[in-house]
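Hi,

Here is the structure I promised to pass on. Have a look at it first, then read my notes below.

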Amino acid sequence: MIWGIFKRDMCHATRNVIAVIVSMGLVVVPALYAWFNIAASWNPYGNTKALKVAVANNDKGYKSDLIPVRVNVGETIISTLHANDQLDWQFVKSDKAIDGVKSGEYYAAIVIPKGFSADMMTLFSPDIKHAQLKYYLNEKINPIAPHITDQGATTVVNTIDKTFAKTIAQVGLDLASSILHYSQSPQMAEYMRNLNGNLTTMADTLSGASQQVTSYSQLLGSANDIVDSTGKLLASATKAGKQAQNALKQGKSGATSFTSAGANVTSSVNTALDQVSGAFDQVAAKVNKAFDAIGKNSDTAASQLTTLSEQVSSSESLYDTYITSLNHMHESVEQLPDSDSAKQALLEAIDREITLLEAAKDDSQKLAQQLKDASTQVTQDTAAAERSRKEILNRITSAKQSISNVRDDYATNVKPKIDALASTVSTLISQTDSMITQLSGTADDLDDVTGDVGTNVTAIRSTLGAIAKKLDSSAATVKELITKLETGGNAGDGNSDGGNGDNDASSSDSGESDELRALATANASTLSTLISAPVALHRVSVYPIANYGSAMAPFYTILSIWVGAIILCAMLKVTISDREKAHVLGLGDTLPRVAGPSGPGNASRWGLRLDHEYFGRYAIFALLALLQGTLVCLGDMYFLGVQANHALQFLAVGWLAALVFSNIVYTLTVSFGDIGKAVAVVLLVMQVAGSGGTFPIETLPKFFQMLYPFLPFPHAIDAMHAAMAGSYGNEYLLDMVYLALFLIPSLLLGLVLRKPVIRLNNWVSRNLESTKVM
């Protein structure tokens with residue numbers, strides 16, 4: 001029965017030329033619908049060069065005492081845009097630019113204000129201003145154009161930021177490189193050798209003078225009977241005193257150099273602490289970027305947080321190095337005489353600096369742990385991850401404050417105490433010089449002594465003992481200065497041992513010096529580019545799509561197949577006349593009177609059941625729908641060149657979608673008549689909005705997100721995407737199964753629920769016809 005109905009339908013459809021032409025039109029029209037839309041959207045974002053965007057430069061430039069050269073960032077922007085073909089840049093006056101946006105001549109306009117350069121250069125002043133570009137856009141011309149021009153404006157801003165940061169960084173690196181080269185020059189090395197030689201000579205002279213004074217005191221104790229020899233001994237002491245005085249003059253010069261070295265050390269400490277503080281700023285920026293990636297790529301965010309945790313943990317060695325150095329300094333200061341007034345104050349300052357450094361180290365450790373914990377939270381709990389972001393940023397602020405406290409305490413307490421130590425060295429040298437002068441005076445007086453020799457000898461021995469102690473103390477201080485200078489010099493040369501200094505501290509200083517040397521001797525342009533843009537985006541397409549037209553092809557192809565199904569039901573009859581039923585049954589041209597009124601199922605007593613009528617007439621619909629799906633898919637691949645990595649799978653999606661869609665529309669029409677056609681159109685509109693074919697379903701209203709799984713379009717589109725670019729696991733097969741499942745309710749309505757619906761449809765038809773209009 002089904003074959004008989006289909007055979008007669010095919011004969012009628014091919015009986016004359018008009019019928020054949022109409023049948024061909026029914027197959028071709030849906031394909032044209034898809035092809036025109038796909039071709040029109042083939043590469044829209046590659047043709048933005050025709051979008052006119054006005055640029056007006058009112059920048060007056062900037063010149064200051066710090067930068068004697070006139071700077072005009074606006075002119076730099078204009079020069080850059082002349083070489084940019086992303087948009088059709090129009091360089092006009094500001095009035096014309098704004099009026100052009102209002103009239104629609106330009107899609108957008110960028111106006112550079114007069115004080116743009118001046119505002120950018122406030123980076124070097126306490127009163128920093130944020131430089132702003134004025135951006136005008138006309139949003140009524142086109143819904144997509146504002147987003148494209150926004151991207152162009154963002155590109156301009158990013159170019160300005162990178163260029164400015166690169167310039168500043170390059171100037172700083174060039175200056176650091178010049179200073180490092182000078183510190184390694186032969187002149188600086190010769191200066192350090194001369195300084196160490198002079199200090200060594202001074203220390204040896206002071207030690208020799210101390211020994212001579214001590215020996216002379218001992219001789220005086222047993223020389224009551226050889227007073228005649230005192231003159232010679234006094235002459236020897238006087239000569240040694242003169243030598244000591246000459247050495248002490250060199251010592252004063254060394255003390256001055258020590259003060260200068262202390263200033264250089266202070267500068268190095270401040271620079272290192274500033275770098276640590278700046279590193280925390282970079283960590284904060286990377287933390288924000290990592291947390292911003294949550295929801296988009298949580299695994300990448302977790303990896304970035306883990307990397308930041310490891311970087312922060314590795315920086316703890318810097319704190320250990322400074323703490324070790326301060327402990328060595330503490331031990332050295334403890335060797336000073338207790339009578340020295342600067343000793344206790346310096347010890348307390350060093351202890352306080354160690355405490356602050358340990359607090360800063362503790363903050364860094366806690367920050368590393370919080371980053372590590374957050375890396376596991378970003379893939380589990382978004383709310384907890386946001387709280388971790390706030391806690392991490394607060395911890396970074398605390399760590400920066402700790403660094404600031406260390407720097408302030410160093411400048412307020414430690415450095416003045418070091419300066420006081422240098423002053424003590426100078427004072428001791430002056431006191432020793434005074435003692436030697438007194439010794440010379442005493443020796444002159446002894447030439448005329450005729451009184452009690454024992455009393456004078458006792459007084460002289462007391463004076464000589466005090467002189468010996470002063471000389472020993474001065475010699476020890478000078479030797480300590482020599483040791484520190486040699487340690488610093490060797491560390492600067494990259495040696496592992498600083499002479500008389502500690503091996504560990506020297507190795508650490510050597511490593512830091514090598515890193516500084518490597519940084520300063522590297523290519524300044526490359527480093528400045530890295531600083532201005534430390535992160536480069538490497539785009540990896542997991543399932544690459546050749547172009548925008550290919551990306552939109554599944555949506556328009558599936559849409560055209562549904563439109564084709566509606567056209568078939570609009571042009572072909574879905575019901576079978578009694579004449580056709582009689583011919584199929586072999587009863588002539590009419591059914592017997594006992595068949596009753598014309599309608600579905602009235603020939604069932606002769607064997608032509610309702611399901612025979614349903615499938616018999618649907619057969620020609622299915623054939624034409626398969627031809628529609630075949631033509632549109634082949635045209636996509638071989639006429640337009642749409643990407644299809646799996647051509648047979650691509651065709652299979654078109655065939656299955658054609659069968660499912662044509663059956664749904666056919667069932668609605670055969671069950672509800674013209675109302676069913678209207679329902680098919682409503683379903684079409686709903687699926688265009690809620691299928692996720694253009695915008696991600698997550699961006700649509702909640703209603704469409706809930707409706708999404710119960711529509712056939714999304715599954716057909718996803719299956720076609722998998723056929724085009726490749727599928728993940730059983731993604732393609734699952735989507736095909738989900739699409740095929742829509743046949744179940746359609747067949748249920750057409751075969752089982754159709755009988756009660758027939759009476760309802762007949763009643764609706766009679767009422768519509770009674771209006772004489774419908």
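Let's start with a question: is glutamate 580 buried or exposed? Glutamate 580 is buried, because its relative accessible area is 14%, and buried means under 20%, exposed over 50% and partly exposed in between (1.4 Å probe, protein chains only).

Before you go on, note that this is a predicted model, where local features need pLDDT of at least 70 and side-chain atom pairs count only at pLDDT 80 or more, while totals for chains, interfaces and linings use all residues. Residues are numbered from 1 along each chain as its sequence is written, and side-chain values use heavy atoms, with hydrogens and water left out.

**Salt bridges**

A search of the whole structure turns up 5 salt bridges (a side-chain nitrogen of Lys or Arg within 4 Å of a carboxyl oxygen of Asp or Glu). Glutamate 580 is in one of them: its partner is arginine 8, and the closest N and O atoms are 2.7 Å apart. This pair ties together distant parts of the chain, with glutamate 580 in helix α17 (residues 578-585) and arginine 8 in helix α1 (residues 2-13), 572 residues apart. Helices here are DSSP runs (H or I, at least four residues), numbered from the N terminus. Arginine 8 is partly exposed, with a relative accessible area of 24%.

Helix α1 turns up again in the next pair. Arginine 617 bridges to aspartate 9, with 2.9 Å between the closest N and O atoms. Arginine 617 sits in helix α18 (residues 610-640) and aspartate 9 in helix α1, 608 residues apart. Both arginine 617 and aspartate 9 are buried.

Now for a local pair: lysine 677 and aspartate 674 meet at 3.5 Å, N to O. Both lie in helix α20 (residues 674-690), 3 residues apart, which is about one turn of the helix. Aspartate 674 counts as exposed because its relative accessibility is 58%, while lysine 677 is partly exposed at 27%.

**Surface patches**

Patches are made of residues with over 30% relative accessible area and no salt bridge; like charges are joined within 9 Å, and nonpolar side chains (Val, Leu, Ile, Met, Phe, Trp, Tyr) within 5 Å. Val17, Ile18, Ile21, Val22 and Met571 make a nonpolar patch of about 500 Å². Helix α2 (residues 17-40) gives the most to this patch, with 4 residues. Isoleucine 18 lies in helix α2 and is exposed, at 60% relative accessibility.

There is a negative patch too, formed by Glu331, Glu334, Glu348 and Asp351.

Cheers

Note on methods:
Areas by Shrake-Rupley, 256 points an atom, 1.4 Å probe, with all protein chains shown as cover. Lys, Arg positive; Asp, Glu negative; His and termini not counted. Charge placed at Lys NZ, Arg CZ, Asp CG, Glu CD. Helix = DSSP H or I, 4+ residues; strand = E, 2+ residues; numbered from the N terminus.
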